[in-house]
Amino acid sequence: MKCGFCGRHFSPAEAVEKESCGRCLRGCQKAYCPYCGYGNPLIPGFLDRWLKNKEKKE
Amino acid sequence: MASQTKMPASDRKVILVGNPNVGKSVLFNALTGAYTVVSNYPGTSVAVARGHCEISGQRYEILDTPGMYSLLPITEEERVAREMLLLEDAHAVIHVLDARNIERMLPMTLQLIEAGLPVILLVNILDEAERSGMSIDIPLLQEKLGIPVVGGAIRNKRGLKEVRRAIAECAADDLPSFGYSSDLEKDIAKVATTLTEDYRLDLRALALLLLQKDEEILDLVRSSEGDNFERVQQAVAETAFEHRFDLHLRISLERKRVCKGLLAETVRQPDNQRLRFADRLSAWTTNPWTGFPILILVLYFGIYQFVGKFGAGVLVDLCEGSLFENYLNPLVVSLADRFVPWYWLRELVVGEYGVFTLGVRYAVALVLPIVGTFFLTFSVIEDVGYFPRLAMLVDRIFKKIGLNGRAVIPMVLGFGCDTMATMVTRTLETVRERVLVTLLLALAIPCSAQLGVILGLLSGVSGALLVWTVCIVLVFLLVGFLSAQVLPGERPMFYMELPPMRLPQFHNVLVKTMTRMQWYFLEIFPLFIIASLLLWAGKMTGALEWLVRGMTPVMGLLGLPADASAAFIFGFFRRDFGAAGLYDLQEAGLLTPVQLTVAAVTMTLFVPCIAQFLMMKKERGWKVSLGIFLFVTVLAFSVGWSLNVLLLFSGILS
């Protein structure tokens with residue numbers, strides 16, 4: 001995924017594993033950029049699938 | 001880490017490296033064709049593709065590495081990519097870069113050359129760069145760099161033949177050396193001369209990585225040097241101590257300087273008149289003379305007009321005023337009156353603090369439209385690439401209060417959720433910065449929900465928003481400045497690469513906004529229900545009345561009605577709930593403009609929510625967090641009291 005702050009690419013799984021404050025009821029829904037620390041929203045499954053389908057069609 | 005074995009000449013390896021999305025995989029496919037193997041790199045979950053090709057009768061194994069930004073790794077992908085460079089005895093290393101971003105990506109070419117690797121530079125996506133008016137003198141760049149350089153657009157097979165020829169002719173002899181400033185060269189030499197063993201990496205590159213505190217390289221040197229390691233460590237520690245925090249920055253700036261020199265006559269951008277609007281806008285946003293007016297415009301249109309007027313005005317009127325007040329509330333109340341004979345249960349569902357009439361209404365009709373519009377604005381600003389430029393812009397102001405632009409990240413995060421932002425303060429370099437940002441977050445950075453509701457609340461009263469903004473900014477700057485004087489410590493430099501500015505992408509903005517809204521709603525909805533349950537329980541047991549009575553003298557000092565107590569009490573648990581309570585009071589006509597402004601300022605500066613307090617305790621410990629808690633509480637009410645006196649005395653907003 002691409003960081004919304006510094007524009008670098010990183011793997012969200014790795015970022016979430018490392019950084020999470022654990023205060024949210026549903027677990028951490030953000031991926032923290034390993035380069036700058038910015039919290040990027042983790043795209044929910046249904047939106048992710050929709051995006052991928054759209055990309056495929058294009 | 002790096003084995004020192006040599007591969008047989010018949011099995012020559014070519015490693016493709018570069019930033020993500022520069023066309024490495026396209027080159028890999030173009031070189032290898034259909035027969036490739038993708039497998040996880042040993043001991044990791046990072047996929048690496050391997051394939052073969054034949055050039056002039058010689059067979060080559062081509063390795064496609066994960067994207068990397070620097071030889072100093074941060075992510076697992078980068079670690080794997082570097083390990084491949086160190087472990088695999090490469091016949092050639094092809095650094096693929098995007099011609100459009102050559103200035104940002106060329107420093108890695110320098111790093112690869114410094115490392116003593118047999119580098120071939122492929123300036124890819126040249127067609128698109130040329131279409132935008134950019135021209136790159138490839139032969140001149142090759143002459144200046146002293147390594148083979150190929151320009152191309154591999155997707156269209158342009159340059160592929162030249163790449164194949166460069167691979168066949170590649171020789172690692174006589175790699176050039178690029179000189180840095182004499183100070184830095186002395187530091188590099190000081191560390192490099194202490195290294196006595198043979199390494200695959202050049203000693204100069206090794207010294208630079210050691211100076212940048214590369215843990216893996218440190219381990220490699222420790223295991224290779226044996227007794228001599230102490231000497232190496234001492235040289236590194238001495239140099240690091242002399243330059244403190246700016247060593248990493250110095251190295252980056254030196255590489256930038258060298259690259260600028262290399263590209264000076266090599267790259268021709270379109271003249272100023274034809275300079276892309278995005279580039280001009282980017283320059284304006286970081287220049288203080290134009291940057292602050294742009295920031296004011298962004299805040300005025302993005303926050304005040306769109307969130308305040310449209311979100312908190314039009315949308316909330318539609319949801320709360322029309323949908324809930326006219327249809328849903330009467331329907332649910334009449335159903336409860338008809339089917340629920342018990343007073344306590346009716347109160348629980350549709351009473352003053354009922355789960356539906358308060359919890360659901362606040363979450364769905366009041367807060368969600370405001371927060372939704374805020375998230376939409378936030379996502380647009382984020383997608384444009386404005387935030388890193390804002391960081392550069394406010395760096396000057398932050399420096400005055402003892403912070404640097406890096407502190408913008410937790411501050412920006414604070415507008416989303418202060419709790420998370422408090423945790424992110426750990427990314428700041430010094431303890432002083434962490435404490436300062438934690439304090440400022442607790443004091444003067446309202447979370448998005450609170451900000452939206454307060455903006456919506458104040459937008460309807462002429463002058464109230466201006467008074468609120470002036471108060472919060474003044475408190476932020478004053479407390480920040482004074483704290484910086486009290487807290488001792490270093491003032492680190494700030495440096496970051498600016499990603500290109502671009503038009504917001506509809507899909508990105510939509511997905512990010514929906515993602516944030518979904519996350520927020522699912523997070524707050526149960527909390528709002530719990531809060532209304534607690535209020536109901538407080539009302540039924542009399543505890544709420546007791547608490548309100550206890551708070552009444554404080555409210556009186558602020559010139560606020562006793563009813564405002566409940567909003568303040570629950571503002572501690574969720575600030576947005578408290579802000580929504582103020583919104584309700586104002587809608588009911590229970591607050592004058594002065595009272596409204598005083599309440600909004602006090603609540604914004606009021607103690608952080610309970611989750612943020614717990615995070616403060618976790619990150620900073622009991623002593624610091626309790627100190628911040630007390631300081632913020634006393635200051636919030638003192639500012640509220642002073643503002644009330646000032647507004648009543650001067651007649652402003654009366």
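This is a predicted model: local features need pLDDT of at least 70, side-chain atom pairs count only at pLDDT 80 or more; totals for chains, interfaces and linings use all residues.

**The interface and the two chains**

In this complex, 35 residues of chain A are in contact with 44 residues of chain B.

The size of an interface is often given as the accessible area lost when the parts come together. Here chain A and chain B bury about 3,600 Å² between them, with 65% of that area on carbon and sulfur atoms. On the side of chain A that touches chain B, β1 (30-32), β2 (39-41) and α2 (45-57) of chain A each supply at least two residues. The most comes from α2(A), which contributes five residues to that side. How many salt bridges are found across the interface of chain A and chain B? The count there is zero. Polar contacts do occur: four residue pairs, both members at pLDDT 80 or more, are in polar contact between chain A and chain B.

Two helices and two strands make up its secondary structure, and along the sequence they follow the pattern α-β-β-α. Chain A has 58 residues, of which 41% count as buried. Of the contacts in chain A with a separation of 6 or more, 39% are between residues 24 or more positions apart. Chain A exposes about 3,200 Å², and carbon and sulfur atoms supply 50% of that area.

Chain B comes next. It has 27 helices and nine strands, and 55% of its 654 residues are buried. Its C-alpha atoms fill a box of roughly 90 × 50 × 50 Å, taken along the principal axes. Among contacts in chain B between residues at least 6 apart in sequence, those joining residues at least 24 apart amount to 76%. Chain B exposes about 28,400 Å², 62% of it supplied by carbon and sulfur atoms.

The domain assignment divides chain B into domain 1 (9-169), domain 2 (182-280) and domain 3 (288-650). Taken over C-alpha atoms, the centres of domain 1 of chain B and domain 3 of chain B are separated by 48 Å.

Now to the salt bridges. Over all chains, the count comes to 25.

One is formed by B:Glu114 and B:Arg255, whose closest N and O atoms are 3.3 Å apart. This pair links distant parts of the chain, with B:Glu114 in helix α3 (residues 102-114) and B:Arg255 in helix α11 (residues 247-263) of chain B, 141 residues apart. Are these two residues buried or exposed? Both B:Glu114 and B:Arg255 are buried.

Another salt bridge joins B:Lys190 to B:Glu238, with 3.2 Å between the closest N and O atoms. Here B:Lys190 lies in helix α7 (residues 182-192) of chain B and B:Glu238 in helix α10 (residues 229-243) of chain B, 48 residues apart. B:Lys190 is partly exposed, at a relative accessible area of 29%, and B:Glu238 is also partly exposed, at 34%.

The remaining pair is B:Glu382 with B:Arg516, the closest N and O atoms being 2.8 Å apart. B:Glu382 and B:Arg516 are both buried. They also belong to a network of salt bridges that links B:Glu382, B:Asp383, B:Arg502, B:Lys512 and B:Arg516.

A few words on backbone geometry. Most residues other than glycine have a negative phi. B:Asn21 is not a glycine, yet it has a positive phi of about 60°. B:Asn21 sits in the loop between β1 (12-17) and α1 (24-32) of chain B, and it counts as exposed, at 58% relative accessibility. B:Lys213, likewise not a glycine, has a positive phi of about 60°. Its place is the loop between α8 (203-211) and α9 (215-225) of chain B, where B:Lys213 is exposed with a relative accessible area of 65%.

I close with a buried position. B:Thr597 is in helix α26 (residues 593-605) of chain B. It counts as buried because its relative accessible area is 0%. Beyond its neighbours within four places in sequence, B:Thr597 has contacts that include B:Leu458, B:Trp468 and B:Leu647.

Technical notes
Residues are numbered from 1 along each chain as its sequence is written. Chains are lettered from A and ligands numbered from 1 in the order in which they are written. Side-chain values use heavy atoms; hydrogens and water are left out. Helices (H or I, at least four residues) and strands (E, at least two) are DSSP runs, numbered from the N terminus. Buried means under 20% relative accessible area, exposed over 50%, partly exposed in between (1.4 Å probe, protein chains only). Contact means heavy atoms within 4.5 Å. Accessible areas come from the Shrake-Rupley method with a 1.4 Å probe; for residues, only the protein chains shown count as cover. Domain bounds come from an automatic or database domain assignment. Buried area is the accessible area (1.4 Å probe) that two parts lose on being put together, summed over both. A salt bridge is a side-chain nitrogen of Lys or Arg within 4 Å of a carboxyl oxygen of Asp or Glu. A polar contact is a pair of N or O atoms within 3.5 Å; within protein, one must be able to donate a hydrogen and the other to accept it, and residues adjacent in sequence count only if both atoms are side-chain atoms.
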